[in-house]
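I keep these entries as a record of what I looked up, in the order in which I turned to each topic.

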Amino acid sequence: MLRFELHQPYLANISRYYLLLPKLTSGQLQVLADHLAGNGFSVEIEAEGEKLRAGNETSTITVSRSGLAWSGLEMLDALAPAIPRLLRLPREVTATNPYFAAKKLSGWLEVLFFTRMEGLRLWTELRRTGECGLTPDEKSAISWVLTNDDQDVECVTDYPTEGCSLLQVGKNQYYRSRVPVSEFLDHLRTTSARFSKNCYLPRTSILKIQGGSLAAPTIDVDLREWSYLRFSPKTSNSGA
């Protein structure tokens, strides 16, 4: 069972705090809106109900239903008291896969993972600071995709591997590597688990799988407090 844990990384280079949250239902987002409004924030729900923006005299907080909040100031005092209520609310059915989309290429399947933080600019800032923003449910989704795969996977490691190339991010050294899937999953770092040797998704959050098919993942299993969205195991946002 995946139990929710509060993590609030601070990315100094962009002067912003991030709070990792469960993947939220519309009802949970409204609970946060009501909670913040009751604590003196002016609140507006935007983007057709996908995120809220709350502000007072000192700070602005944005919360996305994808499971991420951000602000220039720390958010635990403002949001943490509402978390126990969030975790008691029922789940909500969604028609789309909130974890990944798959696109078939010639002889390959390209899978884009919808991570809260582990992609593009935030990926770079996390590597620069030595932090990690991959949540346990995201690791589960990656594991589902790679369950029946015994090939190598392109990733980033913090240890040298055969044939790797150096990747410098700030003062930290990483490596563009190809490692067996089993090694990648065993060493895939999350907010809850750090190893002596760590693997990370590429900056693009994309993994390429040779062959072109996915096993049907049981998405709704074991996510528990990290996701309140229910969807069909066959839902994979697959491209033609």
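Which residues does glutamate 110 touch, not counting residues up to four places away in sequence? I found Ala101, Ala102, Lys103, Leu105, Ile206, Leu207 and Lys208, where contact means heavy atoms within 4.5 Å. Glutamate 110 has its place in strand E9, and at 18% relative accessibility it counts as buried; buried means under 20% relative accessible area, exposed over 50% and partly exposed in between, with a 1.4 Å probe and protein chains only. Helices (H or I, at least four residues) and strands (E, at least two) are DSSP runs, numbered from the N terminus.

Before going further I note the basis of the entries. The model is predicted, so I keep in mind that local features need pLDDT of at least 70 and side-chain atom pairs count only at pLDDT 80 or more, while totals for chains, interfaces and linings use all residues. Residues are numbered from 1 along each chain as its sequence is written, and side-chain values use heavy atoms, with hydrogens and water left out.

**Helix H5**

I next asked how many of the eleven residues of helix H5 (residues 136-146) are buried. Ten of them are, so the helix is largely enclosed by the rest of the structure; the buried residues include Pro136, Asp137, Glu138 and Lys139, and also Trp144, Val145 and Leu146. The buried residues of H5 pack against strand E8 (100-105), strand E9 (108-113), helix H6 (181-186) and strand E14 (206-210). For leucine 146, leaving aside its neighbours within four places in sequence, I listed contacts with Val181, Phe184, Leu185, Leu207 and Ile209.

Leucine 146 came up again when I turned to the largest nonpolar core, which has 64 residues, and in which Leu21, Leu32, Val63, Leu79, Ile142, Leu146 and Phe184 touch the most other members. Such a core is a set of buried Ala, Val, Leu, Ile, Met, Phe, Trp, Tyr and Cys residues joined through side-chain atoms within 4.5 Å.

**Strand pairing**

I then followed the strands, taking two of them as paired if DSSP finds at least two bridges between them. Strand E2 (residues 16-20) pairs with strand E6 (residues 68-71) in the antiparallel sense over four bridges, and tyrosine 18 stands opposite tryptophan 70 in E6. Strand E5 (residues 60-64) also runs antiparallel to E6, joined to it by four bridges, with threonine 62 opposite tryptophan 70. E5 and E6 form a hairpin with three residues between them, and in the turn I noted glycine 67, which has a positive phi of about 110 degrees.

Elsewhere I traced an open sheet of four strands, with antiparallel pairing and the order E11-E12-E10-E13. Strand E11 (165-169) and strand E13 (199-200) stand at the edges with a single partner strand each, so one side of each is left without a neighbour in the sheet. Strand E10 (residues 152-157) is joined to E13 by two bridges, and the bridge partner of valine 156 in E13 is tyrosine 200.

**Pockets**

The largest pocket has a volume of about 260 Å³, a volume being the space filled by probe spheres set on the points, which are joined across faces, edges and corners. E10 gives the most to this lining, with five residues.

The second largest pocket holds about 170 Å³ of space, and its lining includes Lys23, Glu50, Arg65, Pro98 and Leu229.

**Two loop residues**

Proline 90 is found in the loop between helix H3 (83-86) and strand E7 (92-93), and at 61% relative accessibility it counts as exposed. Proline 90 and leucine 229 are 139 residues apart in sequence, yet I read 9.2 Å from C-alpha to C-alpha.

Alanine 193 lies in the loop between H6 and E13 and is partly exposed, with a relative accessible area of 24%.

Technical notes
1 Å grid on protein atoms, 1.4 Å probe; cavity = no way out; pocket = protein on both sides within 12 Å on 5 of 7 lines; lining within 4 Å.
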